[in-house]
Every structure is written in C-alpha cells, then in structure tokens.
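Subject: Structure for your review

Dear colleague,

Please find below the structure that I am handing over to you. My findings follow it, and I would be grateful if you would read the two side by side.

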Amino acid sequence: MENIDWKNLPFGYMKTDYNVRCCYREGKWGELEISSSEYVMLHMAATSLHYGQEVFEGMKAFRGKDGKIRMFRCADNARRLINSGTYIRMATPPAELYTEAVRKAILLNERFVPPYESGAALYVRPLLIGSGAEVGVKPSSEYLFLVFVTPVGPYFKTGFNPVSVMITRDSDRAAPLGTGHIKVGGNYAASLPAAAEAQRLGYSTCLYLDAREKKYIDECGPANFFGIRDNTYITPKSRSILPSITNDSLMTLAKDMGIRVERRQVELSELDAFEEVGECGTAAVITPIGKIFDPQNGRTYDYGETAGPVSAKLYHALRSIQYGDTPDAYRWVTVVE
Ligand code: PLP
Ligand code: COI
C-alpha cells in the first residue's frame, strides 16, 4: 500500500477491503460470508442495541522479516469470546469457526498488514452481537458474528514511553460480581466517565480500584496492571479483571527469565514499593507508567521518565515472538497462509 504512513499509524479505524460474517438462526450457524460493506443491517429491536448483548475480542497479526503473517494466541481469544458470550447467554461460534473467520479476514486484507520494519500491526476485531428482535429482557435467538481488521500503531501516542495515569474513585468499570471478567461492551461504556475525567486533567487513562473497598488495584484503562519489585512481577487478581492474554504471556516470559511471578490482590499502598509499573494488553502491548496521580491526597507516585529494565526486557521478548524473530517456544503463534 503505497499511500499508508505505516510508521505513524494511530490506534484507530481505517477502512480495509473485506470483513467476514456468519449468522446464527434457528439453532445453528450458517456459512461464513465475505462482505465489502462496512455496515450491518440490524433489526431496531435487536438485543445488542437495547440490552447490551454484545461481546468482542481484540487480537493482532504481525508481518515478520520473512514476509510471513503471524497471529498471536488466536485459540485463547476464541476461548475468551466463547466464555464472554456464554456468560451473557448468547449462542457462540465454535472455536474452529472463530479461527477460520479470523484467518480469512486477515488473508483477504493482506495488503493492510503493516510491513515488518514499521513496528505496526494488523488489529483484528471479532464481534458477536444479538441480532434478533426482543422487547422483554431476554437473550436473542439470532446472532451475528463478524470479524473486521484494521492496521494500527501504538494505543498510546507515546508508544513504549511512560504514560501518566490517574486513580479513580468516582465510578467503577465493573462490579465485584459483575461482568469485568468477560469482554462485554457494557464494561467499556461504564469506563468512559472515568477515562474522560482522567483525560480532561491531562492523564492518558485511569487506574481503577476494586469496586467494594477501593483498597486494591484493579485494571488500568483497557489493560491489566503490573508492578515490578525485587525481581518479582506482581499483577492483581480479581473476579472483576479481564484475564489478559498479554498478561498471561508476560507471566510466562517472566518466569522463564528467572523473575518471580505473583498474581494476587495488590493493595494501593504497595505503589510506594514498586520499582516499575505498567499496563499490558493487545492494544497497549506493554505501556510503562511513569506517574500515578491520586486525586484524594494530591500525591503523585513517580516511576521515572523511561521504561524500567524489566519492562523493557519483557516488551522485547514478547514483540520478538510476535514478529517471529525468536523461536515460538510456547506455540503462541500461527502462521496465516
Ligand atoms: N483489560 C481490558 C479491560 C481490556 O479491554 C483488555 C484488552 O483486550 C485487556 C485487559 C488486555 O487483554 P489482552 O491482553 O487479552 O488483549
Ligand atoms: C485490546 O487491547 O485489544 C482491547 O480490546 C482494548 C481496547 C482497544 C478496547
């Protein structure tokens, strides 16, 4: 693609050539269809529009030095979409259908997979929505599964440079026994006021605390949180946190590097003791956090202007597997062909 500025891509939507769709009707999934339309024709009483029967995924595909396209941990994203949809009583596509739709969507839009040198990636967005008409609050009997792709650069403009975040206590992203552990659209709606307030005050995003006591660290914007201390990678564990596939990968890589890993409740008071902190996710990759502002006492925790050594080591290890530069020891990568 001659006119795309691959090196300066934002994390945003760019039209690509095709998307892939499949409908669930009368108790079964139909055939995969290829569409060049960016629009969906939806009944005005569809359950996704009124009652939030909507789940999605976010994955990336990368072009290697060898020109091959690799997708990262597709099977894990398929499993998570199935878990998410099942929880809110949707019919979900079998993992094979999910994988085939993703594969097709990537291949049909091959010209949008950024070149190796650009450091950009093709973002893959699988979406499952209730498409059947209901007026009472109940699950739809019809569903649409759709996969589109779009080339993206870093989620935060700073890339691998530290961002500043602000602690929020004024609203919650997810309730203690709510839907934080699955990827439903409603969680993102609930996250908008805190994110908007943080951005209004000049922060990249907000740091959520646990909804019940505001004592433990929860998630950081649309990403998981981690801290590094005494050669230990520490990440919060809670039912309201989305189990991040990136975080899972980092825990595995950390162990392999001889770094201890703790996944447990993390008290806010522990922020003082961390040497490095960051957020991680498909979009965020690893984004180091340089400053955390607590509006309750006006305090700012400072972690420096550059990424710490452990975050940097993990970042490079993850990226080099994703781009196919180092052997795929954990079988996380599938070459798309
Ligand atoms: N937490 C939230 C709320 C997210 O939206 C995401 C993104 O998917 C993550 C964490 C990171 O998850 P993953 O690494 O699987 O992309
Ligand atoms: C991702 O990291 O893939 C996400 O889904 C985060 C956000 C863009 C919603």
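A salt bridge is counted here where a side-chain nitrogen of Lys or Arg lies within 4 Å of a carboxyl oxygen of Asp or Glu. By that criterion, the structure, which is a predicted model, holds 22 salt bridges. Side chains of opposite charge can pair when their charged atoms come close.

Salt-bridge network

Five residues, Arg229, Asp230, Glu262, Arg264 and Glu270, are joined in a network of salt bridges. Two of the pairs may be described in detail.

In the pair formed by Arg264 and Glu262, the closest N and O atoms are 2.8 Å apart. Arg264 is partly exposed, at 25% relative accessibility, and Glu262 is likewise partly exposed, with a relative accessible area of 31%.

Arg229 forms a salt bridge with Glu270, and here the closest N and O atoms are 3.6 Å apart. This pair links distant parts of the chain: Arg229 belongs to strand β12 (residues 224-229), while Glu270 sits in the loop between β14 (260-264) and β15 (276-281), 41 residues apart. As for accessibility, Glu270 has a relative accessible area of 14% and is therefore buried, the cut-off being under 20%. Arg229, with a relative accessible area of 26%, is partly exposed.

A pair within helix α3

Arg103 forms a salt bridge with Glu100, with 3.1 Å between the closest N and O atoms. Both residues lie in helix α3 (residues 95-108), where they are 3 residues apart, about one turn of the helix. Arg103 is partly exposed, with a relative accessible area of 27%, and Glu100 also counts as partly exposed, at 26% relative accessibility.

Helix α2

Helix α2 (residues 74-87) comprises 14 residues. From its first C-alpha to its last it reaches 20 Å, close to the 20 Å expected at 1.5 Å a residue.

Which residues of α2 are buried? They are Cys74, Asn77, Ala78, Arg80, Leu81, Ser84 and Gly85. Seen down the axis of α2, these buried residues fall within an arc of 165 degrees, so they line one face of the helix. Just after α2, Arg89 adopts a positive phi of about 60 degrees.

Yours sincerely,

A colleague

Technical notes: Residues numbered from 1 in each chain as written. Chains lettered and ligands numbered in written order. Predicted model: local features only at pLDDT ≥ 70, side-chain atom pairs only at ≥ 80, totals over all residues. Heavy atoms only, no water. Helix = DSSP H or I, 4+ residues; strand = E, 2+ residues; numbered from the N terminus. Expected span 1.5 Å × (residues − 1). Buried < 20%, exposed > 50% of the residue type's maximum accessible area, 1.4 Å probe, protein only. Arc of directions from axis to C-beta.
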